[in-house]
Amino acid sequence: MKKSSFNLSKLALAVSTTLILAGCFSDNDNNETVPEPPTPTQNVAVPPVAAAVQAGALTINIADLTGQPLPDSVTAMISFTSNEDGLLSGGGEELTDSDKSTTGSAFAFTVESIPAEGSTYEFIISAEGYLNNNASITLSSTDNIGAKEVRLTPRELSDSDVAVAAATEAVSSLKGESGEDVTVTYDPSTGLSLDGADKIVLKQEIDSSKANIAVGSATVKLKNGTKFLDKDGTALTSAPQMTLAYFANEATRNNTETEDNALESSSLDAFPGGLSLSVTAPNSDTEQVEGSFTSGGFVAIELVDDEGNKVSTFGEDEGGEPISIEVAMQVDKNTLNPCPVTYDEASTDSLSAQAEANGYANGVCTLESPTSRDLAVNDIFPVWSYDEDTGKWSFENYGLVKDSGAANTFDVEVSVNHLSYWNLDYFTYQIGASKCPGNTLSFNVVDVNNDPNTLRADLLIEAKGYRQRIYNYGGNYSEGTFRNPPSFPASIKFIRGSKNVLDGIVGEASADGVVSKLSFDNLCDLNGKTIKLNVTPPTMVSQQFKSQLVCSNTEDFDVDASPVATPAIVYIYDTSWMWQGRVYTGANGLGNFNLEEGSNYYVGYFNYTNYSWNVKEITASNTVENLDIPTICEVEEQPITGGTGSTGSTGGNG
């Protein structure tokens, strides 16, 4: 504005001088009309338009196996396998491709309306260099801001505290079963040609340094003549690279972990879709049934050539039969079997026939009250495959548990004729009367003083091959809800910073002031109870945020517009970048989240004008934190009038 004032003063001086000179040197008395000086103008920013508040929001945080954001160089993609009815961008606009990719390790969507029966959105997250994962979020009129963290596993994982082993190698460099060198050639019409062995293998094994957490391995075997066809049945023109990732089930940890400890990151956290899920119901092609997987471990196998073409099937042999590959898994002997059915070696019936006759239908346990026990030789183990395009698990066949003589593991080997993620899993669900009303259990949580809990701690439900961590991203830590609890015996802890802080159940002997885990034959016995945590409440503040649009193109105008309040999606992280929760601010831009007073946090807020995330570091307090969302504002040229202008004015000079 100083520039405008200076120009106006010079103009006034020039006009005054002209008038004086005209009066002194006029040779007649005729008064000629002096032209009016031009009206000075200034460029004024037009206030930006706020987004409209929507009925709800979806907040999805993307993390690696340890809960850390992906590198900024990685672009994550989201694809919805359910319909997208009512789904809008983070700014309330129609969805575009730009809304479905991010380099900020987070997605933000709003929802135009939520029907009375609620809305469920199912989706798959992918990123280059990582294996896909899927999840779902359900919204209702009372729970309209959904939150989910999806963890992705790197394709290369040589050193990690998590019980996962992963590697990528060229098929042409693989060795034989005994480690012998093999000359590998490939022809699109005839497939693999192996000189020096009948099969080549890639094996991934949990490192012995993690033996107190997990044991096991997975081996993929390719035989002579194996072909590589994509999903359209077209042969790859060159031999691919193979990625093999083995996820152990950490059954050993359930026996070795002390009651006061709780593992922050688990291989089971990266299980596609989680272990509480739905599959096709027994004796049905369309209906779904909710239940739980108890895992013996799973493997992700991918074969991709240099052009990005993925192998789907392996062609046919000379007799017209589908060619298969072998997947051999070593399974932890501590694994829980919640639906024991034993193979009878003396019977003439096939493995599949015996399974279906004695307690299974399409891989789903049909026993109403099975007695859980540890895995044993000759147990039947259902085998499932995962479709990356649909994000669904499908039953494939049955495997047989065998004793290889190993001290800590059993063997299960299966032949597969298409490529997928493969999983040994017992699927069980509540048969007959539901053990929990609405298949949901709810509970209250108090602190050491028996006051409503204000400190975040996540419910952890575990068995030997099962784990479900119930994250609370809403900020109310005095209540908990868990849908689709397992039907088999399980234990619970409350995890905070790799420690269990669970004392017990109020009014019961377990609430004795000593941290412990609680075990349940029927987890629904927890429904309606009050859980006591052994935590001293810190001083909390209801940290208020105000999201507002501000003009960023300051070089284009002389007079700025005042900030405009707008709804926005806000994420809160601790200083180690672990996701703490989310806020969807209102029409006035205001929203709040309970934080520990004086502690530092990172706040990420979505800029829906350019599909990016802004980050601000804060110290939690009672002071409102302004979250400025920069946007390019339109500019209007306006006359400078007396006494106006946010940067000053010369008023009535002249």
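Residues are numbered from 1 along each chain as its sequence is written, and side-chain values use heavy atoms, with hydrogens and water left out. As the model is predicted, local features need pLDDT of at least 70 and side-chain atom pairs count only at pLDDT 80 or more, while totals for chains, interfaces and linings use all residues.

Cavities and pockets were located on a 1 Å grid over the protein atoms alone; a cavity is a set of points where a 1.4 Å probe fits but cannot get out, a pocket is an open set with protein on both sides within 12 Å along at least five of seven lines, and lining residues have an atom within 4 Å of a point. Grid points are joined across faces, edges and corners, and a volume is the space filled by probe spheres set on the points. The second largest pocket holds about 570 Å³. Its lining comprises 24 residues, with Lys 310, Asp 387, Glu 388, Asp 389 and Leu 419 nearest the centre. At least two lining residues come from each of β7 (119-127), β19 (288-304) and β25 (380-387), strands being DSSP runs of E of at least two residues and helices runs of H or I of at least four, numbered from the N terminus.

There are 4 cavities of 30 Å³ or more. The largest cavity has a volume of about 90 Å³, and β5 and β6 (106-111) each give two or more residues to its lining. The largest contribution is that of β6, with 4 residues.

Strands count as paired if DSSP finds at least two bridges between them; β7 and β9 are joined by 7. Ala 135 in β9 is the bridge partner of Phe 123.

In helix α3 (residues 351-358), Leu 351, Gln 354 and Ala 355 are buried, that is, under 20% relative accessible area (1.4 Å probe, protein chains only). Viewed down the axis of α3, the buried residues fall within an arc of 100°, so they line one face of the helix; the arc is that of the directions from the helix axis to the C-beta atoms. Just after α3, Gly 359 has a positive phi of about 150°.

Terms used. Buried < 20%, exposed > 50% of the residue type's maximum accessible area, 1.4 Å probe, protein only.
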